[in-house]
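Hi,

Here is the structure I said I would pass on.

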Amino acid sequence: MALSKAELACVYAALVLVDDDVAVTGEKLQTILKAANVDVEPYWPGLFAKALEGCNVKELITNIGSGVGAAAPAAAAPAAAAGGAAEAKKEEKKKEESEEEEDDDMGLGLFG
């Protein structure tokens, strides 16, 4: 799911406010967006402020991937974020190839 330019701008503005320990409100989001010369529909800042109301955003960010089944994607995220997406694909391809070789070794190959 790709974020629109307006959504992404609101996310960054909210992160700026959270990083400075400032309450996230629609007005403050709009002020940051205006200072950054980013035009968004007037409803976006209010929606983001309402969505983050009552949330501890810092805790939310630090606990991403703390679920039981989310360990593998969380480990892959830093590699992709650091520009290692190509390397991650290579590793995945190597893993698939090694699994295919293991299947062949056990006589479970598709063609033989």
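Of the 112 residues in the protein, 16% count as buried. Keep in mind that this is a predicted model. The accessible surface comes to about 8,800 Å², and carbon and sulfur atoms account for 58% of that. On the secondary structure side you get 6 helices and 0 strands, so the pattern along the sequence reads α-α-α-α-α-α. As for contacts between residues at least 6 apart in sequence, 43% of them join residues at least 24 apart.

Now to helix H2, which covers residues 26-35. Which of its residues are buried? They are Gly 26, Leu 29 and Leu 33. Looking down the axis of H2, these buried residues fall within an arc of 65°, so they line one face of the helix. The other side of H2 has Glu 27, Thr 31, Lys 34 and Ala 35, which are exposed. And what covers the buried residues of H2? The cover includes H1 and H3.

Pro 42 has a relative accessibility of 66%, so it counts as exposed. If you want a distance across this stretch, the C-alpha atoms of Pro 42 and Gly 26 are separated by 9.3 Å, with the two residues 16 apart along the chain. Gly 26, you will recall, is one of the buried residues of H2.

Next, the aromatics. A search of the whole structure finds 2 aromatic pairs. One is Tyr 43 with Trp 44: the ring centres are 5.2 Å apart and the planes are at 35°, so this pair is tilted. The other is Trp 44 with Phe 48, also a tilted pair, at 6.1 Å centre to centre and 50° between the planes. Trp 44 takes part in both, and Tyr 43, Trp 44 and Phe 48 form one aromatic cluster. Where do Trp 44 and Phe 48 lie? Both are in helix H3 (residues 43-52), 4 residues apart, which is about one turn of the helix.

Tyr 43, with a relative accessible area of 46%, is partly exposed.

Last, the outside. There is a nonpolar patch on the surface formed by Leu 3, Leu 8, Tyr 12, Leu 15, Ile 61 and Ile 64. Together these residues have about 570 Å² of accessible area. Which element gives the largest share of the patch? That is helix H1 (residues 5-19), which contributes 3 residues. Leu 3 is found in the segment before H1. At 46% relative accessibility, Leu 3 falls between the cut-offs of 20% and 50%, so it counts as partly exposed.

Cheers

Key
Residues numbered from 1 in each chain as written. Predicted model: local features only at pLDDT ≥ 70, side-chain atom pairs only at ≥ 80, totals over all residues. Heavy atoms only, no water. Patch = residues over 30% accessible without salt bridge, like charges linked within 9 Å, V, L, I, M, F, W, Y side chains within 5 Å. Areas by Shrake-Rupley, 256 points an atom, 1.4 Å probe, with all protein chains shown as cover. Salt bridge = Lys/Arg side-chain N within 4 Å of Asp/Glu carboxyl O. Helix = DSSP H or I, 4+ residues; strand = E, 2+ residues; numbered from the N terminus. Buried < 20%, exposed > 50% of the residue type's maximum accessible area, 1.4 Å probe, protein only. Contact = heavy atoms within 4.5 Å. Phe/Tyr/Trp six-rings, centres within 6.5 Å; stacked < 30°, edge-to-face > 60°. Arc of directions from axis to C-beta.
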